[in-house]
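The tour goes stop by stop, with a short note on what to find at each.

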Amino acid sequence: MIISLIGMPGSGKSTVGRQMARQMGVPFVDSDSEIEIRLGEPIRDFFERVGEAEFRDIESAVIDEILQRDAEFVLATGGGAILRESNRQLLHKHSTVLYLRSTPEELFRRLRHDTQRPLLQVRDPLQKLRELYAARNPLYRRCAHFVLETGRPSVHGLVNMALMQLELAGILDPTRVAATVGAEKTS
């Protein structure tokens, strides 16, 4: 079983993914970290030096390789991974996809001091987030099996909501992980 997390930059994919993986007792994989290993440099530097198109080619190749692994894990993707139809199809076909949906305003509050995200290094980052959201939200929804609203819950609450959704859908065996607040894993 592979669980993939998609969503806008700053929606919590890596943070939620790490905790989900821990609770499920499976490895956590971050596609951006795998890409940086491949590049031998931070994504931001590569992005600025070479451009988005070449970065997206590498991102697609890395996602394809990750999804071919014969293992169970939780995967956090980069915010723009869904821009390519081939990535959306691969993710949807080879994993259970959870879209962590955050509003642009929510994302701005979280990211206003972040200098590591290349697409947000602009004069008006909130406007940029609104534009990205308008373009990407339909793609995230098309790719996702489940949509989780990130507005109010804590990370712990989001993880529990995700695990409960997977349990209710029959994707995750309830004896494998405790998906209730404060519960402990049973095996």
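**Stop 1: H3 against H4**

Begin with two helices, H3 and H4, which are oblique to each other. Oblique is what remains once angles under 35 degrees are called roughly parallel, over 145 roughly antiparallel and 65 to 115 roughly perpendicular. Select residues 43–50 for H3 and 52–67 for H4; their axes come within 7 Å and cross at roughly 130°. On the H3 side, show Ile 43, Phe 46, Phe 47 and Val 50; on the H4 side, show Glu 52, Glu 54, Phe 55 and Ile 58. These residues make the contact, where contact means heavy atoms within 4.5 Å. By class, six are nonpolar, none polar and two charged. Nonpolar covers Ala, Val, Leu, Ile, Met, Phe, Trp, Tyr, Cys and Pro; charged covers Asp, Glu, Lys and Arg; the others, Gly among them, are polar.

Some ground rules before moving on. This is a predicted model, in which local features need pLDDT of at least 70 and side-chain atom pairs count only at pLDDT 80 or more, while totals for chains, interfaces and linings use all residues. Residues are numbered from 1 along each chain as its sequence is written, and side-chain values use heavy atoms, with hydrogens and water left out. Helices (H or I, at least four residues) and strands (E, at least two) are DSSP runs, numbered from the N terminus. Axes are lines fitted to C-alpha atoms, for helices over the stretch in contact, and angles run from 0 to 180 degrees between N-to-C directions.

**Stop 2: the two sides of H3**

Stay on H3. Which of its residues are buried? They are Ile 43, Phe 46 and Phe 47. Buried means under 20% relative accessible area, exposed over 50%, and partly exposed in between (1.4 Å probe, protein chains only). Look down the axis of H3: the buried residues fall within an arc of 100°, so they line one face of the helix. The arc is that of the directions from the helix axis to the C-beta atoms. An α-helix has 3.6 residues a turn, so residues three or four places apart point the same way. Now turn to the face away from the buried side: Glu 48 and Arg 49 are exposed there. The cover over the buried residues of H3 includes H2 and H4. Just after the helix, select Gly 51, which takes a positive phi of about 110°.

**Stop 3: H2 across H4**

From H2, show Ser 31, Glu 34, Ile 35, Arg 38 and Leu 39. From H4, the contact residues include Phe 55, Ile 58, Val 62 and Ile 66. The whole contact divides into eight nonpolar, one polar and four charged residues.

**Stop 4: H6 and H7**

Select 104–111 for H6; it packs with H7 at about 135°, with the axes 9 Å apart. That makes H6 oblique to H7. H6 passes H7 in a right-handed crossing. Show Pro 104, Glu 105, Leu 107, Phe 108 and Leu 111 of H6 with Pro 125, Leu 126, Leu 129, Arg 130 and Tyr 133 of H7. The count is eight nonpolar, no polar and two charged.

Further along, pick Asn 137, in H7 (residues 125–143). Is Asn 137 buried or exposed? Asn 137 is buried, at 13% relative accessible area. Leaving aside neighbours within four places in sequence, Asn 137 contacts Tyr 99, Arg 101 and Leu 132.

**Stop 5: His 145**

Select His 145, in the loop between H7 and S5. His 145 is partly exposed, at 36%. Beyond residues up to four places away in sequence, it touches His 92, Ser 95, Thr 96 and Val 97. Ser 4 is 141 residues from His 145 in sequence and 9.9 Å away in space, C-alpha to C-alpha.

**Stop 6**

Finish at Val 16 in helix H1 (residues 13–24). Val 16 is buried, with a relative accessible area of 1%. Its contacts, not counting residues up to four places away in sequence, are Leu 5, Leu 100, Val 155, Leu 158 and Val 159. Now select Ser 154, in the loop between strand S5 (146–149) and helix H8 (155–168). Ser 154 counts as partly exposed, at 44%. Draw the C-alpha distance from Ser 154 to Val 16: 9.7 Å, across 138 residues of sequence.

Definitions and conventions: Left-handed = near helix turned anticlockwise from the far one by under 90°.
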